[in-house]
Amino acid sequence: MKKIFVFCVLLFLFGSSVWASSDIPLTAQDHPDDDGSAIDLSWKYEGELPFSIWIERSENGKDFKLISKIAPAKTYITDGKNIKPGNQYYYRLKFVDAQSNIMASTDIVKAKSEAQWFNSRRTPLLVMVIILSSAILYFILSARKGKHLFIRKIAGLDTIEEAVGRATELGKPLLFVPGIMDLDNIQTLAGLNILSHLAKKVAKYDSTLYVPVSKSMVLSTAKEIVKEAYLKVGRPDAFDSDSVFYLTDDQFGYVAGVDGIIVREKPAATFYLGAFYAESLILAETGFESGAIQIAGTAMPSQIPFFVAACDYTLIGEELFAASAYLSDQPNQLGCLKGQDVGKALILITIFVGIILDILGINIITNFLQMK
Amino acid sequence: MALTMERLGVWIGVALTFAIYSFLYKDNPVYKIAEQIFVGISAGYWFIYTIFNILKPNLYTPLTSDFGNNTLLVLPAILGIFMLCRLVPKINWVSRYAISVVVGTTAGLALIRTLQSDVITQMSETIMNPFSGPNTAVILGKWILIIGTTTGIIYFFFSKKHTGAFGATAKVGVVFLMISFGAAFGYTVMARISLLIGRLQYLLGEWLGIIQP
Amino acid sequence: MKRQFPLVITFFVGMLVIVSQFIPHQPFGHLSDTLESWFLIISGFAILLGQLNLLKVNIIKIHRKSRNWQYYIVCVVSFVVMITIGILWGTQDQPGLLGQGSALVSFFGRKPFDYIFKYFFENLSATMFSLLAFFMASASYRAFRARNLESSLLLISAVLVMLGRTTIGTWLTGWIPENLTYLHLPQIADFIMKYLQKTGQRAIMICAGLGIVGSSLRIILGIERSYLGGK
Amino acid sequence: MSFFEKLMKIDRRIIFLLIFVGVAIPLIVALNFELEITQPVRKVHGLVEDADDGAYILLSFDYGPSTKPEIQPMAIAILKHAFERDYKVVCSALWPMGVLMCSEAIESVKEEYPNIEYGVDYVNLGYKAGGLVTINHMGKNMRETFPTDAANNPISEISIMDNIKNLTNFDFIVGFSSGSPGLKEWVQVAHDAYGVPVAGGSTAVQVPSLSPYLNRENQLVGLLGGLKGAAEYEKLIASPGTAVKGMDAQSIAHLLIIIFITIGNIGYFVTGKYKQKRL
């Protein structure tokens, strides 16, 4: 029975190629790495350029239906129209002129669509996900167990102490701006972590610190942080609850308010740590004008340049988070940072090995990474 | 009438423009009023477009016209209402269910997509033969790309102190970072000036008619 | 129930999205597809929440007569007006409860919603952001200083790009002979953009990318919970 | 008080006035400096020019009135080019205000192409929230993301959409972007996950952070950066508009800013202010 079937199919294929008799090679294949909803067709047509190419499809090899008309210069197409995984599909192409006369056609070819269990092109991605996740998890867990993880001190943090010292000497206040975003922004959180460190120094030296904020949620958290800092240094009575205050939610309204404080109070140092937008340059300009030491930190790529140009020290992008992790001493933050460092080291090694191999004419690494 | 209203509209636009620009002289009530109109209209616009462009076609219409085939959509509708419960302090914890769907989905997709586009592809783009190229400029450029990218990554490497050769490498990284920031600075200036040009084209063109809009 | 279950949901949907990026076979495709269409709807509600929250905050400010409360009335009124006319007569493409409002269209030349958008909002928004040109100019004069190696490099590269990426670069150095084209300002700016500045951006992109991977992972695994808020 | 000390103390409002006048004058009196075309702009032009006849393209309007002066000229120029080449143009928006930006742009090219027909030659699908996730959904099932167009007509009744099932049915995508979500998300999903060529126009602010995507892999085929990029494109399609007209003002303003920085720094060193602060 099976033999008869094979014979029939062969006969059919042979037969069909006789009446279509064409020398335009057409191949149909399951589209790789998908859910079985597409079939790739490719062909070579040499001859007078047609007006259009008609693609016809059938599920039984007989009743062909026109499924699409495509541009004449194309040599491949992925058919994804109502293809079901596991089904057999038959195709033929017709090359037609402007009056829809058939100039040439191809043989009938068939292909079976199949769904794959793994997208093999994404192997490098999977490898990287596994390495990075294990590194990050490993370091978080070991930090939780109390293992000491070394993080280099971020240079800008030294200046905090100096700035507080200078402020005390001059009898001038300090100003901390946590950006204009709310608590859901990790930059704001990182900034507040640094505020906690700063507030402790301020409490120790007995200087004054102003923290104007633009979001009510940030207000309560910042107040809590500064209060706790005074408590930790053992001077809860010295905490002035009005030193952390809300100005307004509006971007420029807030800037105008902070500007006013800088002009009136002439702080010895200003700290801008958090998420900043256009207000960065207005703040930095006013601070510069007043002669304050300015320390900034943000991960907003478009604002970093202004801070670098107008401030004395700037924590750039990831440095802000690293500084926060360094000061907070939380296993989650430290472990995560450490895990990312493993990623960076891996990337550097891959780049160097890749380049050396590339110079030797071996492209395995680049080919592997390209995911094509 | 429509034409008069259009002309009136242009004048309204000019008045609001100067209301905002009055901030340059100093903060004042006129500016504050204009600012609040801006905030209010913006919020109203988002509100209406979210209803007309998302909730109506993707939720309301499928549910009302063909409930049988779209029964599952009841779930996101409930989660959406949970989200709005954030406004009511007593039950605002139910909004966490909705937030966790949004945050989880975004985190999962961002993890994979960022890793491929911003990490792996950028890494493989840095792997190249720095001795081959059609001219000196390209070869020099390749060396710059390799050295700049790797030293830049070293600058952001936090597990080792920046001393000795490692510190020197990180310093080289800073040089490249600063040149980058310089270019970013230049482009930001360009963007801000363009917005002012747009405004002046409006004032000089549509309003005063001195230049062709 | 209040904290644990949302963490389970986050883990489940996050893993589903990740797994479906690697396994094309069903049911993962269908599941993530459904999840994504739900995401769109929930995001819609999240936007409504944002706007309603703004309204709530402003009403509270007015009610408590906090500083400058009078201005927040203006905000609430413009918000309510915009929503009312939007719901009554719709927007450019869509009818509202009262239909297309053709009488109003013939009066205003367009729908009231679009009229306010075009003449009020477009001008306010564009002007608001053009303020930055002025602040930029003033900061250039008064605050951007070459005070150390870093800021000097930054300003030099900025000046080269600003000159090279406008017509003035061509005008200033167009006379330089053919064999010295590398001194041509647009060429210098091109070189900076194509190589020098790309390196820094690429290093930042890779490191920030790793940061996103780290924080996403912590969120999915329930290590980072601050997004849930509260205690 | 020395000359420089006085100079350093001038009121910032004078600087404001200078920049205002510095931009206004070249707008009124054209200087007509020559404009050079850069590689990333040429590549966008090449992508649009060389696509197959009858190509389907997706334009995403991810910006609002705040950056309209920079981006609208790009959108108009690309629309003109696309209609000139008879492409099928599908428009969508990841920003709610993009919907009106799109209709304003199409309105302004209609004078030149009066025969384009809604639903046949172009369609405005409207706004969807969700950024990255929504683009990923469009990659699988565009008809589910957009069950209707912006005017609530069912997608099945719009003939231009007959051949569109998902993003891979487009010959290429052009994103007009002024922030997030925007071109970055289009690159990350449409190109890197689904392999559709992506090009775009962005505000000048975004150009540096998008530049690593302009690479061998062509994550981003080409990029129009800011008003200058728009002007270059207008020149390439020989249809000068507001961007070309603004270029002289842009150049003079840059020159002014550079002069400000220079005077400021000279004053900083001459007046000895740099010695005052040490850390």
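**Exercise 1.** How many residues of chain C are in contact with how many residues of chain B?

*Solution.* Start with conventions. The model is predicted: local features need pLDDT of at least 70, side-chain atom pairs count only at pLDDT 80 or more, and totals for chains, interfaces and linings use all residues. Residues are numbered from 1 along each chain as its sequence is written, chains are lettered from A and ligands numbered from 1 in the order in which they are written, and side-chain values use heavy atoms, without hydrogens and water.

Step 1. Contact means heavy atoms within 4.5 Å. By that rule, 109 residues of chain C touch 117 residues of chain B.

Step 2. Take the buried area (accessible area, 1.4 Å probe, that two parts lose on being put together, summed over both). Chains C and B bury about 10,800 Å², 80% of it on carbon and sulfur atoms.

Step 3. Count salt bridges (side-chain nitrogen of Lys or Arg within 4 Å of a carboxyl oxygen of Asp or Glu). Between chain C and chain B there are 0.

**Exercise 2.** Describe the interface of chain A and chain C.

*Solution.* Step 1. Here 46 residues of chain A are in contact with 37 of chain C.

Step 2. The two chains bury about 3,700 Å², with 71% on carbon and sulfur atoms. On the chain A side, A:W117, A:E285 and A:A309 lose the most area to chain C, together 17% of what that side buries.

Step 3. The salt bridge count is 2. One of them pairs the side chains of A:E289 and C:R142, at 3.5 Å, N to O.
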